[in-house]
Amino acid sequence: MSDSDSGGGHEQAPSRERKRFPGISSRAYEHPADRSALVALRKLSGFDTVFKALSGLLPERSLRLLFLSDSVRVGDQQFQHLNTMLRDACYILDLEKVPPMYVTQDPQPNAMCIGLDEPIIVVTTGLVELLDEEEMRAVVGHEVGHALSGHSVYRTILLFLTNFALKVAWIPLGNIAIMAIVTALREWFRKSELSADRAGLLVGQDLRASMRGLMKIAGGNHLHEMNVDAFLAQAEEYESGGDMRDSVLKIMNVLPRSHPFTTVRAAELKRWAESRDYQRIMDGHYPRRDEDKDTSVTDSFKESATHYAESVRSSKDPLMGLVRDIAGGAGDLGGRLRDTFTGRGPASAGRNTGDAPGNGSEDPPGGDDAPKGPAAG
């Protein structure tokens, strides 16, 4: 890929005027949940052993040869517009070595950053055909953000273990250990997507384009039929609507996914774009890479804990409301669980408690028994 392979790609300035962030650390845009999930992943029993084993066994050279032989490598003579975007993104985020990028034939819109020794960016034809220039610029910046954060290593292991788990599903207990790691990897990767979305915004510096890209991934190339405000209203309805049963269903729905839901990603990105943290970065005040070695792990833990505490306080999700009540010492926990799962309001809960204390005879069928499993989990 000419200059891209050698890493000397910073001579070419962006195609339109945008701010550049020399020496920026990935800490500047990483979502606190991303960092805390990665810490939790590394502490998972058996993860270090699996990681060390796979680091030596995964066919890194084979992976590169596969894309080299069966995809189109982006460069000065192939997909020139993507090559320009890639070099722009690396210029803006000051990534010294421009990673190779490949376009692979797949109608499903997707992009990924993989590789153990060095990152490789892969985009599908479905994505290239779906997005316009500014939307695609945000996606390329998203993937360069993954590369700068070092996410490609864990993403590669996730892909390998997901496929491996299918092959050993017949082995008693063997698949359970693998799926525990896969589940933890997916939880981290969903959070890492929020970080990479922020990197994409720093590269594109066009929030509307980032929003449009997410809308297209969700609803296809029908922008004339879609509206950003209405799309964000869906996220609000998703996050706050329903009762406790819906909260549990949300958790169950997201567990098998590698990416967060697109409406949630859009809402998260918009919140960050309107925050003081984003404005400080745009003003040139951000953590530098040369300061990473002096970063306090304790401070990172505190930041993550503060983020989660604030998320619980501000969340409109019924489950988070219950967590707040428990933390605040709410009485009659059993009654609260029963009422939230069965959809009975506070008024009816009060009448039942007063009329028949300790008597579950007035509960709907299955009201006491069915919810206890999910609630405890």
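Residues are numbered from 1 along each chain as its sequence is written, and side-chain values use heavy atoms, with hydrogens and water left out. Because the model is predicted, local features need pLDDT of at least 70 and side-chain atom pairs count only at pLDDT 80 or more, while totals for chains, interfaces and linings use all residues.

**The hairpin**

Select residues 111-114, strand β3. Helices (H or I, at least four residues) and strands (E, at least two) are DSSP runs, numbered from the N terminus. Ala 111 and Cys 113 point one way from β3, and Met 112 and Ile 114 point the other way. All of these residues are buried, where buried means under 20% relative accessible area, exposed over 50%, and partly exposed in between (1.4 Å probe, protein chains only).

Within β4, Ile 121 is the bridge partner of Cys 113. The two strands form a hairpin with five residues between them. In the turn, Gly 115 has a positive phi of about 125°.

**Helix α7 and its charged residues**

Next select residues 133-149, helix α7. Glu 133 and Arg 137 form a salt bridge, with the closest N and O atoms 2.9 Å apart. A salt bridge is a side-chain nitrogen of Lys or Arg within 4 Å of a carboxyl oxygen of Asp or Glu, and by this rule the count comes to 13. The two residues lie four residues apart in α7, about one turn of the helix. Glu 133 is partly exposed, with a relative accessible area of 47%, whereas Arg 137 counts as buried at 1%.

**From α7 to α10**

Select Glu 135 and Lys 216, whose side chains meet in a salt bridge (2.8 Å, N to O). Lys 216 lies in helix α10 and Glu 135 in helix α7, so the pair ties together parts that are 81 residues apart in sequence. Both residues are buried.

The buried residues of α10 include Met 211, Leu 214 and Met 215. At the start of the helix, a side-chain oxygen of Asp 206 reaches to within 3.3 Å of the backbone nitrogen of Arg 208. Gly 220 follows α10 and has a positive phi, near 85°.

**Helix α13**

Select residues 262-273, helix α13. Here Arg 271 forms a salt bridge with Glu 268, the closest N and O atoms being 3.5 Å apart. The two are three residues apart, separated by about one helical turn. Arg 271 is partly exposed, with a relative accessible area of 44%.

Elsewhere, salt bridges that share partners join Arg 18, Asp 88, Glu 133, Glu 134 and Arg 137 into one network.

**The nonpolar cores**

Finally, select Phe 21, Ile 24, Leu 82, Leu 93, Met 136, Val 144 and Leu 202, the residues with the most contacts inside the largest nonpolar core, which has 50 residues. Such a core is a set of buried Ala, Val, Leu, Ile, Met, Phe, Trp, Tyr and Cys residues joined through side-chain atoms within 4.5 Å. A second, separate core of 14 residues includes Val 153, Leu 158, Leu 161 and Val 182.

Note on methods
Two strands pair if DSSP finds at least two bridges between them. A polar contact is a pair of N or O atoms within 3.5 Å; within protein, one must be able to donate a hydrogen and the other to accept it, and residues adjacent in sequence count only if both atoms are side-chain atoms.
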